[in-house]
Amino acid sequence: MTTLMMILGIVVFVIGLLFSIAWHELGHLSTAKLFGIRVPQYMVGFGPTLWSRKKGETEYGIKAVPLGGYIRMIGMFPPGPDGRMEARSTSPWRGMIEDARSAAFEELQPGDEKRLFYTRKPWKRVIVMFAGPFMNLILAVAIFLGVLMTFGWNETTTTVSKVSDCVIAQSENRSTCEKGDRPAPAKAAGLKPGDTIVAVDGKPIGDWSTLQTTIRDTIGPATVTVERDGARKVLKADLIENKVSKTDGEGGYVEGEYVTAGFFGFTPASGIVEQSFGESVVRMGDMMENGVESLIALPSKVPDLWDAAFGDGERKQDSPMGVVGAARVGGEVFTLDIPPENQIAMMLFLVAGFNLSLFLFNMLPLLPLDGGHIAGAVWESVRRGFAKLLRRPDPGPFDVAKLMPVAYVVAGIFVCFTLLVLIADVVNPVRIS
């Protein structure tokens with residue numbers, strides 16, 4: 001049964017992956033057609049074609065390897081300086097440029113001269129290239145907001161999970177009480193597991209972060225109002241000073257750092273809490289920020305990834321994952337001993353996270369990514385604007401094809417990194433619990 005659920009989870013994730021890719025390419029396709037650019041192909045996947053059908057002037061299809069997708073537009077790059085669309089050179093770098101240029105004019109038909117991508121104004125080309133990643137962003141936001149506002153988010157609550165028996169400095173590496181330890185203020189006040197703290201000194205408490213800050217700012221006598229068995233009860237407590245873990249300002253802790261602050265002595269429970277629209281937007285902002293930070297930190301994670309793939313290194317939970325690793329996690333989600341709605345929510349979060357990553361990654365201003373073409377169009381607009389301002393001749397379209405040698409180097413780095421992640425995903429995968 002576990003194997004069957006694992007396979008089912010992988011299949012569900014792959015379907016979500018294929019939909020995400022198709023949704024991305026739909027953004028490119030729809031805007032390209034909107035601006036009159038001819039698109040001969042719209043494909044989901046790479047490699048051999050499994051199925052295709054031609055509708056109008058575009059061939060739609062699915063290929064065997066679900067690791068991406070593409071649309072082919074006529075005239076992605078302008079002709080060379082001599083006006084020719086194809087030339088030959090013995091220089092390998094020049095050959096790359098010419099190959100890219102000639103490929104951009106494949107299947108050129110009569111009347112296509114006015115339907116070429118490079119002939120569109122820069123702002124239109126920016127829209128066409130941005131539309132793909134933007135579709136992934138829309139899908140990520142829709143899934144995240146939908147799950148957060150209907151299912152909820154697993155967070156620390158103001159409900160008591162465990163009451164400490166004694167006062168132990170959190171910098172000490174022990175969890176059991178010793179002779180001479182003082183009783184914890186929470187236990188002395190009569191706090192019990194299952195109590196929900198709703199106020200301190202008469203001030204309402206609505207979330208764990210507020211409660212944590214209030215307790216740390218309080219030393220001495222205080223009243224703690226709790227909900228117990230449907231009724232409210234006021235407890236008299238005497239909070240003391242203790243050495244506790246430093247917080248990150250959002251309810252979490254900074255590992256290995258401690259501060260002296262007020263101490264009550266209980267462990268909060270975690271639970272799934274439905275989020276309001278405003279709270280969901282804030283969490284989405286946090287996810288975007290974390291995604292950007294993870295993307296920036298990607299090169300620094302290569303050594304650990306190498307050790308995890310070829311050495312005895314531990315595969316960290318925040319280690320980069322590829323499609324194979326994400327599919328494996330998707331399979332494991334369906335094997336967890338949790339309610340079905342939790343499994344569905346986790347799977348949706350996984351697909352949404354994949355779409356958010358696609359958006360951020362594709363916005364890097366590097367060819368062959370969408371961000372590279374956007375950067376080229378923006379630079380062309382700036383260059384033409386300065387020429388017009390200085391009353392100089394129009395420099396014409398920016399020849400992105402000249403950057404193809406750089407694009408091949410970038411693509412090579414991406415391929416090597418992808419292979420490294422793939423090996424790590426197979427031999428030392430990230431696991432969930």
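Glu380 is found in helix H10, residues 370–389; helices (H or I, at least four residues) and strands (E, at least two) are DSSP runs, numbered from the N terminus. The model is predicted: local features need pLDDT of at least 70, side-chain atom pairs count only at pLDDT 80 or more, and totals for chains, interfaces and linings use all residues. Residues are numbered from 1 along each chain as its sequence is written, and side-chain values use heavy atoms, with hydrogens and water left out.

- Glu380 counts as buried, at 1% relative accessibility; buried means under 20% relative accessible area, exposed over 50%, and partly exposed in between (1.4 Å probe, protein chains only).
- Not counting residues up to four places away in sequence, Glu380 touches Pro122, Arg125, Gly396, Pro397 and Phe398, where contact means heavy atoms within 4.5 Å.
- Arg53 is found in strand E1 and counts as exposed, at 60% relative accessibility.
- With residues up to four places away in sequence again left out, Arg53 touches Thr58, Glu59 and Tyr60.
- Between Arg53 and Phe151 there are 39 Å in space, C-alpha to C-alpha, and 98 residues in sequence.

**Annotated transmembrane regions**

- An unreviewed UniProt entry places the annotation "transmembrane region" on residues 6–23, 126–153, 344–364 and 406–427; UniProt positions are given in the numbering used here, feature names are shortened, and annotations may be inferred rather than shown by experiment.
- Residues 6–23 are 100% helix and 0% strand, and the end C-alpha atoms of the span lie 26 Å apart.
- Residues 126–153 are 89% helix and 4% strand, with end C-alpha atoms 36 Å apart.

**Nonpolar cores**

- The largest nonpolar core has 48 residues; such a core is a set of buried Ala, Val, Leu, Ile, Met, Phe, Trp, Tyr and Cys residues joined through side-chain atoms within 4.5 Å.
- Phe13, Met73, Phe117, Val128, Phe144 and Leu356 have the most contacts inside this largest core.
- At least two residues of this core come from each of helix H1 (2–34), strand E1 (41–55), helix H3 (122–150), helix H6 (277–296), helix H8 (323–333), helix H9 (340–362) and helix H11 (404–427).
- H9 supplies the largest share of this core, 10 residues.
- Another core, of 19 residues, lies apart from it and includes Leu191, Ile197, Leu235 and Phe264.
- Leaving aside neighbours within four places in sequence, Phe144 is in contact with Met284, Met287, Phe349, Ala352, Gly353 and Leu356.

**Helix H8**

- Eight of the 11 residues of H8 are buried, so this helix is largely enclosed by the rest of the structure.
- The buried residues in H8 are Gly325, Ala326, Ala327, Val329, Gly330, Gly331, Glu332 and Val333.
- H1, H9 and H11 are among the elements that cover the buried residues of H8.

**Disulfide**

- The count comes to one disulfide, defined as a pair of cysteine sulfur atoms within 2.5 Å.
- Cys166 and Cys177 form the disulfide, with sulfur atoms 2.0 Å apart, and the link is left-handed at -105 degrees about the S-S bond.
- Both Cys166 and Cys177 lie in the loop between strand E3 (153–163) and helix H4 (185–189), so the pair ties together parts that are 11 residues apart in sequence.
- Cys166 is buried, with a relative accessible area of 6%, whereas Cys177 is partly exposed at 38%.

**Strand pairing**

- Strands E4 (residues 196–200) and E6 (residues 220–228) run antiparallel and are joined by four bridges; two strands pair if DSSP finds at least two bridges between them.
- Val200 stands opposite Val224 in E6.
- Nine bridges join E6 to strand E7 (residues 231–247), also antiparallel, and Val226 stands opposite Lys233 in E7.
- E6 and E7 form a hairpin with two residues between them, and Asp229 in the turn has a positive phi of about 55 degrees.

**Aromatic pairs**

- The structure holds 13 aromatic pairs; rings of Phe, Tyr and Trp (its six-membered ring) pair if their centres lie within 6.5 Å, and planes under 30 degrees apart count as stacked, over 60 as edge-to-face and the rest as tilted.
- Phe13 and Phe354 form an edge-to-face pair, 6.3 Å centre to centre with 80 degrees between the planes.
- This pair links distant parts of the chain, with Phe13 in helix H1 and Phe354 in helix H9, 341 residues apart.
- Phe13 is buried, with a relative accessible area of 1%.
- Phe264 and Phe266 also form an edge-to-face pair, 6.0 Å centre to centre with 80 degrees between the planes.
- Phe264 is buried at 2% relative accessibility, and Phe266 is buried at 12%.
- Phe130, Phe134 and Phe359 are linked by ring pairs into a cluster.
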